Amino acid sequence: MKFFIDTANLDEIKSAAAMGVLDGVTTNPSLAAKETMPYRELLAEICKIVSGPVSAEVLATEHDGMLKEAEELAAIADNIVVKIPTILEGLKAIKSLTERGINTNATLVFSPSQALLVAKAGAMFVSPFIGRLDDISSDGMELISRILTIYRNYDFETEVLVASSRHPMHVVESALMGADIVTMPYDVIAKLIKHPLTDIGLAKFLADYKKAAKG
Ligand code: G3P
């Protein structure tokens with residue numbers, strides 16, 4: 001399973017890359033708004049750090065505007081994947097961009113029917129937002145399971161990119177289901193390595209050695 005980081009923060013991206021687990025980056029307008037550098041400059045910097053896919057989102061909501069923005073974003077670097085909102089105009093844009101050789105990531109997906117359509121239109125990635133479903137007492141992981149079943153039934157090439165993950169178990173459950181990718185905030189990556197017994201065991205090893213060395 002591939003690990004993407006869900007951030008536009010350069011320090012977080014550099015730190016995750018240094019851990020040797022980073023396969024790509026996802027950004028969105030809300031994440032870009034938290035940073036001071038203009039979005040496109042930021043994307044260029046991110047693409048210098050990460051050679052895997054870097055998702056950059058359009059702001060336009062109609063086909064021609066999405067195409068124009070997507071072409072500008074794709075020109076920033078070869079590894080840019082253009083995030084397109086999963087609406088009717090977005091579906092048309094995914095088809096047009098796929099025909100032009102520009103990779104797309106269908107974002108804001110909340111249902112199996114949306115996932116089916118974007119795969120048919122040729123999206124490289126589908127991004128189901130599981131945390132936001134959990135937030136409204138729905139089951140985010142159930143959506144992942146259903147999308148994986150549909151894609152396997154028909155051998156769709158679109159990769160399932162689990163998005164809006166909030167905690168380590170979202171990552172573990174995604175891996176158990178065989179999702180292709182999880183994108184996660186920096187703090188989720190950091191939490192994945194933590195175990196209290198590791199910390200207690202390490203503290204004991206060091207204390208025991210110190211005691212013995214004293215004697
Ligand atoms: O990749 C999508 C992600 O940024 C959404 O996450 O936590 O805002 O639901 P969240």
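**Reading a barrel and its helices**

Trainee: Across which strands does helix α6 lie?

Mentor: Helix α6 (residues 112–121) lies across β5 and β6 (125–128). Its direction runs at about 165 degrees to β5. Helices (H or I, at least four residues) and strands (E, at least two) are DSSP runs, numbered from the N terminus. Axes are lines fitted to C-alpha atoms, for helices over the stretch in contact (heavy atoms within 4.5 Å). Angles run from 0 to 180 degrees between N-to-C directions.

Trainee: What should I know about the model?

Mentor: It is predicted: local features need pLDDT of at least 70, side-chain atom pairs count only at pLDDT 80 or more, and totals for chains, interfaces and linings use all residues. Residues are numbered from 1 along each chain as its sequence is written, and side-chain values use heavy atoms, leaving out hydrogens and water.

Trainee: How many strands form the closed barrel?

Mentor: Two strands pair if DSSP finds at least two bridges between them. Here eight strands, β1-β2-β3-β4-β5-β6-β7-β8, close the barrel with parallel pairing. From one strand to the next, the twist averages 30 degrees.

Trainee: Which residue of β5 is the bridge partner of valine 82?

Mentor: Threonine 104. Four bridges join β4 (residues 80–85) to β5 (residues 104–109).

Trainee: Which residues of helix α1 are buried?

Mentor: Buried means under 20% relative accessible area, exposed over 50% (1.4 Å probe, protein chains only). In α1 (residues 10–18), Leu10, Ile13 and Ala16 are buried. They share one side of α1, because their arc is only 130 degrees around the axis. The arc uses directions from the helix axis to the C-beta atoms. Asp11 and Ala18 are exposed on the other side.
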